[in-house]
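Below are some notes for a colleague who is seeing this structure for the first time.

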Amino acid sequence: MGYMYNQVSITGIACALPCKKVLTDDYIRYFGENTVKRFKKTTGINSRYISNGRQTASDLCYVAAKQLMDKKGLRGEDIDALIFITQYPDYKTPSTAFVLHKRLEIKKECMVFDVNLGCSAFVNGLEMIGGLIQGGAIQRALLLIGDAELNHPVMEDHSFTMMFGDAGSACLMEKGSGIIRGINKADGNGYNVMRILYPGARFPKEPEAGDSSKHMDGDDTFLFTITEVPKLFKEYFKEYNCSIDDYDYCMFHQANLMILNHIAKKIKLPEEKLPISIDKYGNTDGASILLGIADLCAGLEADKKLKLLVSGFGIGLSWGIAGIEINTSDVLPVIFTDEYFEEGYQI
């Protein structure tokens, strides 16, 4: 069963990346030319941007949110909720959302918390904040989504080494006349398909040198994605009596090129309606949909209204679809920054 909000508008999007650019070809010296060539063909990743070793996900989200607020003429007193979705918080506690609340100088009368979600962060965040606005609890909210690792080691599993980029994003949602409708699903039976064990209550100690705390079952991930996501599209089209033809573009979580092409083929999505950004930025987890939208809008005319289908899927297992509307003039160009919160290291 889906949801539909008819009093919620997306009025701004901004995304921030680290300045440090890494080319996939740089890893030929570690893994060999043939391995890197196969990786690029499968994933589509030619480059990505990674933290300078001090920047966290919250640093990138702060820059995105600050520039978005400045563009919209908003101050801290105008924000009623700040929700930060990440797999890489600044601290075990408190929630990193409180760090962002301080830095953005938002009023005390504000709902503030973190959510631990990965690739489905945006579609779940839409339902969460949309419900708060539609229900009258708040008028305006910042949905901040980002992931960034401070250390990107060269690992034996080359897919992890070359796959993930760092990014932060900010989405402004307000009470208005917009319509957001979607469906989100979860299957905890797949909790162990993709996981990072350390540090956690069950695995508090860091792994021994040479071991990886990350795990992803590539076959199960691929099968889940190309099976469940197309089925959800069919369910969405039936639930809301619509089709691909009713949307300008379909923005997928940028998992890898092979997965995107398989889903597109199964739902009969025309190539011109499938924007690709993973080639430039890598897999940026939860931020990838908003980053993809920013990348798309950079090449479109200003002040153009877009109807988008967005779909996130991955760790959890979790997957979802939402239909949204945005104006290209409300989407900022991608921001590059080396900024980080020095005070955060002095606690």
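1. Helices here are DSSP runs of H or I with at least four residues, numbered from the N terminus. On that basis Val-63 belongs to helix α3, which covers residues 57–72. The model is a predicted one, and the points below should be read with that in mind.

2. Is Val-63 buried or exposed? Its relative accessibility is 5%, and because buried means under 20%, Val-63 counts as buried.

3. Which residues does Val-63 touch, once its neighbours within four places in sequence are left aside? The contacts are Ala-16, Ile-335, Thr-337 and Glu-339. As for Met-1, 62 residues separate it from Val-63 in sequence, and the C-alpha to C-alpha separation in space is 36 Å.

4. Aromatic rings pair if their centres lie within 6.5 Å. By this rule there are 14 aromatic pairs. One of them joins Tyr-49 and Phe-336, with 5.2 Å from centre to centre and 55° between the planes, a tilted arrangement. Tyr-49 is in strand β4 (residues 47–50) and Phe-336 is in strand β15 (residues 335–337), so this pair ties together parts that are 287 residues apart in sequence.

5. The two partners of that pair can be set side by side for accessibility. Tyr-49 has a relative accessibility of 11% and therefore counts as buried. Phe-336, at 41%, counts as partly exposed.

6. Phe-233 and Phe-252 form another aromatic pair, this one edge-to-face, with 5.8 Å centre to centre and 70° between the planes. Phe-233 sits in helix α7 (residues 218–239) and Phe-252 in strand β12 (residues 249–252), so the pair ties together parts 19 residues apart in sequence. Phe-233 has a relative accessible area of 0% and is therefore buried. For Phe-252 the relative accessible area is 0%, so Phe-252 is buried.

7. Which residues make up the cluster that ring pairs link together? Phe-233 and Phe-252 belong to it, along with Tyr-236, Phe-237, Tyr-240 and Phe-313.

8. Arg-54 lies over the face of Tyr-345, 3.8 Å from the ring centre. Arg-103 is placed over the face of Tyr-62, at 4.0 Å from the ring centre.

Definitions and conventions
Residues numbered from 1 in each chain as written. Predicted model: local features only at pLDDT ≥ 70, side-chain atom pairs only at ≥ 80, totals over all residues. Heavy atoms only, no water. Helix = DSSP H or I, 4+ residues; strand = E, 2+ residues; numbered from the N terminus. Buried < 20%, exposed > 50% of the residue type's maximum accessible area, 1.4 Å probe, protein only. Contact = heavy atoms within 4.5 Å. Phe/Tyr/Trp six-rings, centres within 6.5 Å; stacked < 30°, edge-to-face > 60°. Lys NZ or Arg CZ within 6 Å of the ring centre and 35° of its normal.
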